[in-house]
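Have the viewer open beside you as you read.

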Amino acid sequence: MTDPRPPVDLTCDEVRELAAPFVLGALDGDEAAAVRTHLASCDDAHVELSELAEVLPVLAASVPVAEPSVALKSRIMAAAAADLASRSDSSATPAPTAFPTADERGARSARSRAAAGSWAVRIAAVIAIAILGGWNLLLQAQLRDEQAYDQQVAAVLAVAGQPGSLTVVMAPGAATARGLAAIDPHGRMTLAMRDLPPPTGGSVYEAWAVAPGAAPVPLGELAVAGNGAAFMQGSGVPPSPGLVVALTREPHSGATTPTLPIISSGTATASG
Amino acid sequence: MSDTTRPLPLRVATATDDADRAVLARIANGELQALDELYERYKTMAYSIAYRITNDASLAEDVVQDAFLGAWRNAGRYIQGRGSVKTWLLSIVHHRAIDAVRRRRPTTPLPEREDVPPAALMLPDVWSEVAADLDAEAVRGALAVLSDVQREAIELAYFGGLTQQEIAARTDTPLGTVKSRMRLGLLAMRRVLLLEGGDTGAMDAQEVQAP
């Protein structure tokens, strides 16, 4: 298994013979690649493959139902937000196309090199934390232990780096919770928190926007992970300096007025 | 037999399908809120399959994260009108989960890391699946048609992540026999589904499937 096998040219009959193991995922990497290479250039539509693949949803539907943890959503959303930010940093992203072409296959390795750029975003994020203030060295060290939170902060800082955006350092209030938020010029807010005590008895954490002289506007609930980290995104936040972002614990979802005390809050300032 | 070459009847597009496509279009446009919606809709399906294959909660979550990020990055590659977003997502989750178990059990050469689902699962006719929205009874019926050895070969492949060679070794069966068990088993299930597809079962399934 140490010698990479040379690429194999399969005949149509060989592809038909491999159809069932192929759709079931039972070919090794080289065999599967050989089938895909054949399909990419073959004039035959090889409908036998799709006929067999049509059955797969039944196999999938037969599994016992299991639920992911609440924290998974935060991780995914944060990673997607970081990806979005790195996309706008790079003009090298290829335009989406309906079918992967042979050229695109070749470009794949180039793209994985480009993915290294996301690390640059994360390094920039850690540096930016130091500049933004309110974050100590201990906190930076802890970030390394919590990849999800790291990505969440990276996502916030990616927004903070956009021209015209505002930054909010969320200081501890009634709880030791702290965090960071950024509001882009379109009023979309990205918020990462840590050290939130787990909500109890059906209570939820809710973020509020409080414009000077105006009633608090609910921005959305935060999903709190087991380690007390939370992430949320909201829209319709007035992107004006002086806006206060506050976090409260509400007895139920859907609160329209905040329940005191304030768990954590901060004032929006230009990211400059 | 003629019904092995006749394509399954195209499912009538449901409201869910249309909504899914709209969500995917927004994802292709870089809307995070749309990814949130797709996740809420399919997190249970995705995680259940990932967990069934990996049998490891943390690895299953990594797989689901990987799959949704794959969907996030490749939404523009989904082929409009060629079938349900649900099945597309399912193929990504399955692909990633198999990758993950093979990485954990590194005796099998790994496929090249890809952001895009395998080309064959993007072939047009894959999407004409009546099977996607079948209810539990129909699922049981289709699985019941398998012989024990067919079921074993199919499950070791689809859920176990074993290659055909590994299945042959484990079951002490010639490779050619393993291949035909998989093929005949899938074709038998397909025939059952074709019969089911002729009655009103599909209508009921649509209601069951609505979130």
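Which residues does Q151(A) touch, not counting residues up to four places away in sequence? They are R75(A), A78(A), A79(A) and A82(A). Please keep in mind that this is a predicted model. Q151(A) sits in helix α10 (residues 147–160) of chain A. With 27 other C-beta atoms within 10 Å, Q151(A) counts as buried, since the cut-off is 20 or more. The C-alpha atoms of Q151(A) and M77(A) are separated by 9.4 Å, although the two residues are 74 residues apart along the chain.

Now let us move to chain B and look at helix packing. Two packed helices are described by the angle between their axes and the distance between the axes. Here are both values for two pairs that involve helix α2 (residues 32–54) of chain B.

| Helix pair | Angle between axes | Distance between axes |
|---|---|---|
| α2(B) and α3(B) | about 140° | 9 Å |
| α2(B) and α4(B) | roughly 30° | within 9 Å |

Which residues build the contact of α2(B) with α3(B)? From α2(B) come L35(B), L38(B), Y39(B), K43(B), A46(B), Y47(B), A50(B), Y51(B) and T54(B). They meet A57(B), L59(B), A60(B), V63(B), V64(B), A67(B), F68(B), A71(B) and W72(B) in α3(B). By class, this contact has 16 nonpolar, 1 polar and 1 charged residues.

In the contact with α4(B), the α2(B) side consists of Y42(B), A46(B), I49(B), A50(B), I53(B) and T54(B). Their partners in α4(B) include L89(B), L90(B), V93(B), H94(B) and A97(B). This contact divides into 12 nonpolar, 2 polar and 1 charged residues.

What about the two partner helices themselves? Helix α3 covers residues 57–74 of chain B, and 13 of its 18 residues are buried, leaving α3(B) mostly covered. From first C-alpha to last, α3(B) reaches 25 Å, close to the 26 Å expected at 1.5 Å a residue.

Helix α4 (residues 85–104) of chain B has 20 residues, which should span 28 Å at 1.5 Å a residue; its end C-alpha atoms are 29 Å apart, which agrees. Because 16 of those 20 residues are buried, α4(B) is largely enclosed by the rest of the structure.

Notes
Residues numbered from 1 in each chain as written. Chains lettered and ligands numbered in written order. Predicted model: local features only at pLDDT ≥ 70, side-chain atom pairs only at ≥ 80, totals over all residues. Axes fitted to C-alpha atoms, helices over the stretch in contact; angles between N-to-C directions. Helix = DSSP H or I, 4+ residues; strand = E, 2+ residues; numbered from the N terminus. Contact = placed C-beta atoms within 7 Å. Nonpolar A, V, L, I, M, F, W, Y, C, P; charged D, E, K, R; others polar. Expected span 1.5 Å × (residues − 1). Buried ≥ 20, exposed ≤ 12 C-beta atoms within 10 Å, placed from the backbone.
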